[in-house]
Amino acid sequence: MQVQDRKVGDILIVQPLEKRIDASVATEFKGKMVDWINAGNTKIILNLANVDFIDSSGLGSIVSSLKTIGDNGELLISCIQETVMGLFRLTRMNRVFQIFPSEEEAINALSK
Amino acid sequence: MPDIQPPKKITFLLDSRLENVSLVGVAVRGICSYLSLSEVDTYYLELCVVEAVNNAIKHAYNSEAGHSVEINIIYSGKGMTFEISDRGRKMDTYGPRRLDFDAQDLFVVPEHGMGLYIIDSVMDEVTYRSDGAKNTLTMRKYFHYKN
């Protein structure tokens, strides 16, 4: 699974370059996120602009990443597509994650 | 869409590999596009079929490749029916799933077990039957038209 990572100050932006986060890549994706967290990244924005499909396994890998970072940092989501947002609402994960329409708004939230 | 349209059926046979499941998703999207369903409805239907096929691969076949998952998609003017069949280990019990958790308590937020809840939430009817050799999850979604 191809995922782009870049730094904006002390914030790590993680952006999947593929359209799907599903059961076939969930373990790999979770592993990458855990590696970034264990490397000391405590402010992470997951930019989902390219992602048009997430299944429950993909969602579970994102939840797992949030649990890994726990109280030691923050994991925000930005640029989520409306269809994928439907999954977050259906599973009530929209109440678990801080979700921002744009990457800039997420960066501003983490910079306060 | 006229109600008198006779049902049409398409069948797929998929090898039990998770990396193959997106192909079924593409097929569901294509059929939903043909039926002029909305993007959100299309996503939910694709999601349910993907969840059901994932369950068959992971649980019935223990993620072992080389087995078949059969997917029947039947559609008419009234709605769509999806039949997902495997010949592996059957589910012990099948019933409506709940997803109760405190969103403020991160450690109780589920990472697994959401697939059947999603299916139950999206579909109008869900049944599971096993004849000992073949297990089939049947999911029905009716079209709701505004007059």
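## How to read the model

Residues count from 1 along each chain as its sequence is written, while chains are lettered from A and ligands numbered from 1 in the order in which they are written. Because the model is predicted, local features need pLDDT of at least 70 and side-chain atom pairs count only at pLDDT 80 or more, but totals for chains, interfaces and linings use all residues.

So how does chain B score? Its average pLDDT (the predictor's confidence in each residue, from 0 to 100) is 91, and 95% of its residues score at least 70. For the model, ipTM is 0.93 and pTM is 0.93.

## Where the chains meet

Chain B brings 24 residues to the contact and chain A brings 23 residues. Here, two residues are in contact if their C-beta atoms, placed from the backbone, lie within 7 Å.

On chain B's side, the elements giving two or more residues are α1 (21–34), α2 (39–60) and α3 (115–122). The largest share, 8 residues, comes from α2(B). Helices are DSSP runs of H or I, at least four residues, and strands are runs of E, at least two, numbered from the N terminus.

## A look at A:Gln98

You'll find A:Gln98 in strand β7 (residues 98–100) of chain A.

Setting aside neighbours within four places in sequence, A:Gln98 is in contact with A:Leu76 and A:Ala109. A:Ser78 is 20 residues away from A:Gln98 along the chain, and their C-alpha atoms are separated by 8.6 Å.
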